[in-house]
Amino acid sequence: MNIYLMKASFPIDELTIKEMMDIIQKTKEQYHQDISPLTNCNDWGNYKNIGFVILAYSEEDQLLGFIVANDLFGLNTYEWTVVVHPEYRRMGIGRVLVDGLKNALNERGATGDMAVSFADEVGHQFLHQQGYEYNSSEATLQAPSEKSEVSNLIHVRFFKEEDKNKLIQLMHDGFGDLPEETEELISLNTTTKGRSLYMVERNQEIVGTVSLVENETGIWITALTVDPIIRGQGIGSSILQWVKNYAYTSDQYKVLLEVEIDNNSAISVYKKAGFTPINQIDYFVRA
C-alpha cells in the first residue's frame, strides 16, 4: 500500500478534524477504549494552541492514521500520540507516521519529545520498536461535580499580575518548574478560552494555586499545589471541594485530573475527596 503523508499546524480545518474523530470513534467501537484523552482533541481547532498533526492517506485519499503533537507549555517540546485506523493496523502505517514525526520535529528544532500511551502492551512494544523507552506514568482520576458549601478556610480568586512572583515560588516548590515555565503557564491560562488560573488565599495570604481547563468532557484540574509549609492542614481538600462546586455551578458533570502514579500522598488526598482512577497514561522518551 502506498502511504502519503501530510503535515498541518494548529488550527486544523473542520473536515480534517471530522476525519480524525471518525477514526477515534471507530477505535472506540472496535476496542471499547476511548483514546481521545491521549490526543488533546479539544486543542486541534484552537489557533492559540501550539501543535501539529501528521496525516497518513491512501491513494484513494482515505485517512489511515495520524499523529497529534502538542507543545503544551510553549517550550518547543512536544507530547504526541499515534492513532491508526483499526482496519489498517499492522501494515506499517504507525512506523511511517513516526518517521514523519521525527522529520517534523527536526524541522521545527524541537528540544524534546515524549510519546503518550495507555498502559497497553501492544502500544508499548510499538514504541520500543521506534526507539522510545518508558519514562513515567500518570493516573487519570475523576469525581462527580457536587453542590456544596465552600469551605470558609480559603478564598479563591483569579490570578493578578502582582501574584507572579508568589506563583513562581509555588510552582517551583510544587512541581520543580522553572520561572520561564511558570510564565508560559500564566500566558496559556490567562489568554486561552476555556482555561483559567486561580490563586488561593487563607487569611488574605496566598497559600496555593489551581488552574482549570473546561471542555465538553468536564473540568480538568491541570495544576494544583499548596505552599509546602502549610500542607496537611486541609487546604488541598478545600480547593478540590471548591472545584467540584464550581463544576456544578457551571453545569459540568465531572472533574478530572492527572497525577503521577507514584505520588501516593496526592492520590490519597484525591481519593478522600471522592476521586477514583479511570485509566493510566504512560510516557516514553527517545532511548
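Guide: Let us start with a pair of strands: S2 and strand S3 (residues 63-71) run antiparallel and are joined by 8 bridges. Helices (H or I, at least four residues) and strands (E, at least two) are DSSP runs, numbered from the N terminus, and two strands are said to pair if DSSP finds at least two bridges between them. Please keep in mind that this is a predicted model, in which local features need pLDDT of at least 70 and side-chain atom pairs count only at pLDDT 80 or more, while totals for chains, interfaces and linings use all residues. Residues are numbered from 1 along each chain as its sequence is written, and side-chain values use heavy atoms, with hydrogens and water left out.

Visitor: Which residue of S3 stands opposite Gly51, and which stands opposite Val53?

Guide: Strands of a sheet pair through backbone hydrogen bonds, either parallel or antiparallel. Here Gly51 stands opposite Asn70 in S3, and Val53 stands opposite Val68. Between S2 and S3 the hairpin has 5 residues, and among them Asp61 takes a positive phi near 70 degrees.

Visitor: How does the chain go on from S3 to strand S4?

Guide: S3 and strand S4 (residues 77-84) pair in the antiparallel sense over 6 bridges, with Asn70 opposite Glu79 in S4. The hairpin of S3 and S4 has 5 residues between the strands, and in this hairpin Gly74 takes a positive phi near 70 degrees.

Visitor: How many residues of strand S2 and of S3 are buried?

Guide: A residue is called buried under 20% relative accessible area, exposed over 50% and partly exposed in between, using a 1.4 Å probe and protein chains only. Strand S2 (residues 50-57) is mostly covered, as 7 of its 8 residues are buried, and 9 of the 9 residues of S3 are buried, so S3 is largely enclosed by the rest of the structure. For a contrast, look at Ile229, in the loop between S10 and H7, which is exposed with a relative accessible area of 72%.

Visitor: Which residues of the largest nonpolar core touch the most other members?

Guide: In soluble globular proteins, nonpolar side chains tend to be buried together. A nonpolar core is a set of buried Ala, Val, Leu, Ile, Met, Phe, Trp, Tyr and Cys residues joined through side-chain atoms within 4.5 Å. The largest one here has 29 residues, of which Ile221, Ile239, Val243 and Phe275 touch the most other members. Its largest share, 6 residues, comes from H7. Contact means heavy atoms within 4.5 Å, and Ile239, leaving aside neighbours within four places in sequence, is in contact with Ile154, Val200, Val210, Leu224 and Val226.

Visitor: At what angle do helix H5 and helix H6 cross?

Guide: When two helices meet, compare their axes: those of helix H5 (residues 164-175) and helix H6 (residues 179-191) come within 9 Å and cross at roughly 115 degrees. The contact is made by Lys164, Leu167, Ile168 and Met171 of H5 together with Pro179, Thr182, Glu183, Leu185 and Ile186 of H6.

Methods. Axes are lines fitted to C-alpha atoms, for helices over the stretch in contact, and angles run from 0 to 180 degrees between N-to-C directions.
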